[in-house]
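Hi everyone, thanks for coming. Let's have a look at this one together, and do stop me if a term is new.

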Amino acid sequence: MKRSLLETKEAKCSINYILQNLNSIRVETLAPYFQNLPIDPYIKDNYRFRRFSNFKVCDQHLVQLPHAKFFQSKTYNPLLGDVTREYGELDDGLVQLKDFQTLVLEFFEFCKRCSTFTDIGVHQIRITADPQQKGNPAPEGIHRDGVDLVGIFCVGRQDLEGGETELYKSTHLPLNRTRDLAFTKILNPGELLTFSDHRFFHFTTPVHAASSEIGSRDVFVLTCPALPFLKE
């Protein structure tokens with residue numbers, strides 16, 4: 001039986017993980033759009049804030065797709081699997097920014113090498129922590145997203161400790177955190193980590209306030225394809 005085009009692309013994909021410093025993107029133009037993110041209603045303790053939009057790339061231009069709800073199965077998300085979730089769309093002003101569009105198109109360059117899909121999901125996420133409450137960027141634990149490629153772009157970190165992004169090379173859970181650890185790093189503003197969701201599990205460690213002030217970690221998480229979604 002012939003392999004599908006997707007399987008062929010994945011076999012030929014040269015990407016395991018790539019860390020880039022995107023000096024061409026001015027994070028200071030993106031940062032203000034994290035100030036008024038809505039609280040994520042699906043996570044208790046009110047430390048996660050989130051928006052989500054789907055895009056399609058057509059001739060190197062972004063086309064925003066209609067509003068949609070999305071879900072993951074418990075296979076990929078043991079915490080919120082089989083729960084249909086809905087978030088507000090990214091702010092129109094953010095979507096129109098050249099720096100935002102450059103980020104998504106930069107990520108899509110890798111998608112063209114490793115996926116047959118042209119749709120990209122963009123999750124805009126702020127995680128906060130204060131002296132009484134830590135923040136958990138990955139409350140579902142070490143996981144995969146069920147896509148081809150994942151990108152994590154850091155926009156900002158303020159008054160925080162922790163938040164190391166980890167990649168584990170393994171074919172199944174449970175894994176050996178020492179033997180299977182392939183990458184670990186605190187992502188700094190301007191850094192984009194892109195990796196194969198087929199080849200790695202990923203996780204980000206909890207964040208803790210570094211002072212008496214509220215700390216925050218602002219990132220975009222990009223997936224290709226977008227997670228399974230339901231149109232209104």
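Predicted model: local features only at pLDDT ≥ 70, side-chain atom pairs only at ≥ 80, totals over all residues.

Strand β8, residues 164–169, runs antiparallel to β11, and five bridges join the two. Strands here are DSSP runs of E with at least two residues, helices are runs of H or I with at least four, and both are numbered from the N terminus. Two strands pair if DSSP finds at least two bridges between them.

Residues are numbered from 1 along each chain as its sequence is written, and side-chain values use heavy atoms, with hydrogens and water left out.

Back to the sheet. Its three strands are ordered β9-β8-β11, an open sheet with antiparallel pairing. At the edges sit β9 (181–186) and β11 (200–204), each pairing on one side only.

Now, which residues have the most contacts inside the largest nonpolar core? They are Leu-30, Leu-90, Phe-100, Ile-120, Val-122, Phe-153 and Phe-220, in a core of 33 residues. A nonpolar core means buried (under 20% relative accessible area, 1.4 Å probe, protein chains only) Ala, Val, Leu, Ile, Met, Phe, Trp, Tyr and Cys residues joined through side-chain atoms within 4.5 Å. Helix α4 gives the largest share, nine residues. Among the other elements giving two or more are β2 (48–58) and β13 (215–224).

Terms used: Buried < 20%, exposed > 50% of the residue type's maximum accessible area, 1.4 Å probe, protein only.
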